[in-house]
Amino acid sequence: MTPVTFDLDRAWRVDPRVSMRPEPFGALLYHFGTRRLSFLKNQTVLAVVRSLADHPSARDACLASGVPEAELPAYARALATLASSKMITERTSHDSGV
Amino acid sequence: MTLASEAPAQAPGKLTDLFELGLDAPICLTWELTYACNLACVHCLSSSGRRDPRELTTDECKAVIDTLERMQVFYVNIGGGEPTVRPDFWELVDYATAHHVGVKFSTNGVRLDAAAAARLAASDYVDVQISLDGATREVNDAVRGPGSFDTALRAMGHLRDAGFKGFKLSVVMTRQNIPQIDQFKAIADSYDAQLRLTRLRPSGRGADVWNELHPLPAQQKELYEWLVAHGEQVLTGDSFFHLSAFGSALPGLNLCGAGRVVCLVDPVGDVYACPFAIHENFLAGNVRDAGGFESVWRTSPLFIDLRKPDTNSACRSCAFYDSCRGGCMAAKFFTGLPMDGPDPECVQGYGEAALAAASSAAAPRPRVDHSHRTGPSRSGPSRPRTAGEPVAVSIGRRRPPTHDCDESPLAGFVADPAEDSAGL
């Protein structure tokens, strides 16, 4: 059910109904709309997710968080999973906080 | 816990493995706001009925919410008793959501009128579960008391009319209602509700009726197959992880979260490992203690002990241990089984053998009992049931009190498949 593709070059953000709790291993995410829990497995992906809204694309958020080019596909898969569970959504021009 | 390496290659394993060792704060917890209840369900986990004069005040409840906000607990499962009979119920719900603590509450529907339904429909941060234990009036009211079926359906009608889609219809599965499982699904669908099925526990007054109500072995298989067929359309609060030993794991977290990622706060502030374990053996502390809830969660010797990896369970040598992990702690405890042995409803049959070997007189009795004093006489908590004595209940007879917290604290919890996907 997880899509294998994720558009790194689009703008994304964390859904406003998601609460993120930092943990020693990364973070837990809880979506109040879907009532689903998810987790981030390390600090880098947490930094990426946290900064999505500050960058024009997910790719920029990854690179700014120190993700090496070679690891971008792995991060794209992780972000795809988060997108499929609606934890992150594509940002539109109407969204604030860009 | 130590900081995980930032290198994906050294990322921890599955979510279940992380949770087994416990978290610095619960993901969610069950909070029973009052022992008062208008009903008298025969299987009430918390033996509710009468309000306890020591129950937390409004200000004390708000202080608990402040703590939960600081600890970043995502949400609370509010139950009771019947939580909505507390005069400050809505005040506390509003206070929690204003402080970033989500609320899901369980109710028998008694106070859920059109105005309350409209209010609930307007919030993303409040969810509601209506308890119903029979798809027909006859089956439900035998367990939950006369009028309770109509009360629940009236409340569901108000929620539907208010446009609240996806509220939960919560059912404790019993020998009597497993044949109605498709009817429950149809009822849920017709109210735009989501069906939630949970396991009957021998806790509270449930200990008195467990022998008569718990599903028969063939019904367990039937239930398992139904759950597999319906997948994530149906919630279970992960309460049926003992059934995973039938084959493939059920959706959700197949792990006992007691004291690791969940716990119970009772109406007087006592903190127990889980809602099914209201007994001094599982009492970790009280929110009124110095240090409050946070200190209880982080430093109670009981919780620290529960977070140790299970190394000496007799079940570990079983081929299905990774599926069921020995089952439910509370179910074992209140049926007199050793904690390091099989669940009484072990689907491999080890539970029946263990029950046959155990003396029913050895089953611990819950000391906390707020059952209504009126109504047919019942064995009180101070009088232990002797071996072989029939339980003092018969289905279909009006019995004292009930409540609605038959909730796994992991209600609605759905483990995300992220762990399988990205290697991050």
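Visitor: Which residue in β4(A) does L29(A) stand opposite?
Guide: This is a predicted model, and in it strand β3 (residues 26-31) of chain A pairs with β4(A) in the antiparallel sense over 5 bridges. Within β4(A), the residue that stands opposite L29(A) is S38(A).

Visitor: Which strands of the open sheet in chain A stand at the edges?
Guide: The open sheet is formed by 3 strands in the order β2-β3-β4, with antiparallel pairing. Each edge strand has a single partner, so one side of each is left without a neighbour in the sheet. Those edge strands are β2 (18-23) and β4 (36-40) of chain A.

Visitor: At what angle to β3(A) does helix α1 of chain A run?
Guide: Helix α1 (residues 43-51) of chain A lies across β2, β3 and β4 of that chain. The angle at which α1 runs to β3(A) is about 45°.

Visitor: What distance does helix α3 of chain A reach from its first C-alpha to its last?
Guide: Helix α3 (residues 72-84) has 13 residues, and its buried residues include Y75(A), R77(A) and L82(A). At 1.5 Å a residue 18 Å is expected, and the reach of α3(A) is close to that, at 18 Å.

Definitions and conventions
Residues numbered from 1 in each chain as written. Chains lettered and ligands numbered in written order. Predicted model: local features only at pLDDT ≥ 70, side-chain atom pairs only at ≥ 80, totals over all residues. Helix = DSSP H or I, 4+ residues; strand = E, 2+ residues; numbered from the N terminus. Expected span 1.5 Å × (residues − 1). Buried ≥ 20, exposed ≤ 12 C-beta atoms within 10 Å, placed from the backbone. Pairing = 2+ DSSP bridges. Contact = placed C-beta atoms within 7 Å. Axes fitted to C-alpha atoms, helices over the stretch in contact; angles between N-to-C directions.
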